[in-house]
Amino acid sequence: MKKKNNVFLVIAIPAFILFFIFHSYPALQGIFYSFTDWKGYGDWNFVGLKNYLNVFKDGRAGDAYLFTFKFAIVSTILVNIISLAVAIGLNSKIKFHKTLRAIYFLPYILSILIVGFIFNFIFAHVLPRVGDAMGWEFLSMNILGNPDLAWIGIVIVAVWQAVSFNTILYLAGLVTISEDLYEAASIDGAGVWTKFWRITFPLIAPFFTINMVLSLKNFLMVFDQIVALTGGGPGKSTESISLLIYRGGFEGGQFAYQSANAVIYFIVIIIFSVVQLKFLNKREVEN
């Protein structure tokens with residue numbers, strides 16, 4: 001037991017030190033500076049809760065929060081609907097299902113920025129040319145240049161890339177369901193929808209909970225897709241909280257102020273996650 005404990009300490013302590021240096025310490029430092037007026041350079045003074053109060057008065061921050069919530073909720077719903085449908089299809093008895101699983105997972109391993117730049121080119125050049133050639137007016141313009149539609153382009157890219165990971169999680173749940181249940185249901189005369197709502201969905205409810213929580217958390221922290229596609233524009237119409245914190249903190253001399261914004265945002269994400277878990281876990285018990 002002594003040897004096992006020593007091995008555990010040798011492995012755990014360096015990992016803990018690295019985690020503290022590169023994660024915990026910067027986070028604590030950010031919380032500390034959120035109570036100051038530090039610009040990221042020079043001297044600083046304590047200002048108490050002034051930065052936190054100013055965040056709630058900041059119209060730009062309010063718009064960024066509204067955009068982020070809208071984007072995250074819509075993307076989370078779409079990702080889970082599409083990935084569940086794809087997972088059910090890949091779990092059925094079709095040819096080359098293993099190969100198709102690997103193909104569907106490819107978008108997830110690609111760089112988010114690279115994917116964003118590719119789709120930027122598609123939205124800006126390819127689709128408008130196709131729209132002009134086919135006479136389709138809705139494709140003739142670059143939606144990323146429209147303040148009212150740019151967010152839809154970001155949703156398309158984010159959902160396209162996120163579906164692959166969620167599909168794998170749903171597949172992991174689907175393979176745990178015994179075929180005997182479906183056979184018994186078929187004998188009783190149950191249709192496709194009845195099997196889904198009475199057998200499939202209740203048995204993969206834990207995987208649905210995991211996917212919903214992880215998806216919403218990841219979409220609330222959206223950053224790379226926006227940088228690659230719109231840069232927060234047109235104007236500030238697609239500026240997310242993460243992008244606002246980055247720009248204000250590292251480019252705008254608002255390090256302390258945006259640190260306070262980051263702390264508030266962290267609390268918001270925790271609240272969303274806890275509420276989701278409680279609600280979805282309650283549904284699991286009811287099912």
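**Close-up 1. The second largest pocket of this predicted model holds about 610 Å³ of space.** Its lining is made up of 20 residues, and I88, N91, S92, Y182 and T200 sit closest to the pocket centre. The largest share comes from α8, with six residues. By residue type, the lining of this second largest pocket splits into twelve nonpolar, four polar and four charged.

**Close-up 2. Here we're looking at the largest pocket, with a volume of about 780 Å³.** A total of 23 residues line the largest pocket, and the ones nearest its centre are A27, I245, A262, V263 and F266. Helices α1 (2-33), α11 (241-251) and α12 (255-286) each bring at least two residues to the lining of the largest pocket. Helix α12 gives the largest share, ten residues. Sort the lining of the largest pocket by type and you get 15 nonpolar residues, seven polar and one charged.

**Close-up 3. This view zooms in on N51, a residue of helix α2 (residues 50-57).** N51 counts as buried because its relative accessibility is 8%, and the cut-off for buried is under 20%. Leaving aside residues up to four places away in sequence, N51 touches Y33, S34, F35 and T36, and also A256, Y257 and A260. One of these partners, Y33, falls within the α1 range (2-33), while A256, Y257 and A260 fall within the α12 range (255-286).

Note on methods: Residues numbered from 1 in each chain as written. Predicted model: local features only at pLDDT ≥ 70, side-chain atom pairs only at ≥ 80, totals over all residues. Heavy atoms only, no water. Helix = DSSP H or I, 4+ residues; strand = E, 2+ residues; numbered from the N terminus. Buried < 20%, exposed > 50% of the residue type's maximum accessible area, 1.4 Å probe, protein only. Contact = heavy atoms within 4.5 Å. 1 Å grid on protein atoms, 1.4 Å probe; cavity = no way out; pocket = protein on both sides within 12 Å on 5 of 7 lines; lining within 4 Å. Points joined across faces, edges and corners; volume = space filled by probe spheres on them. Nonpolar A, V, L, I, M, F, W, Y, C, P; charged D, E, K, R; others polar.
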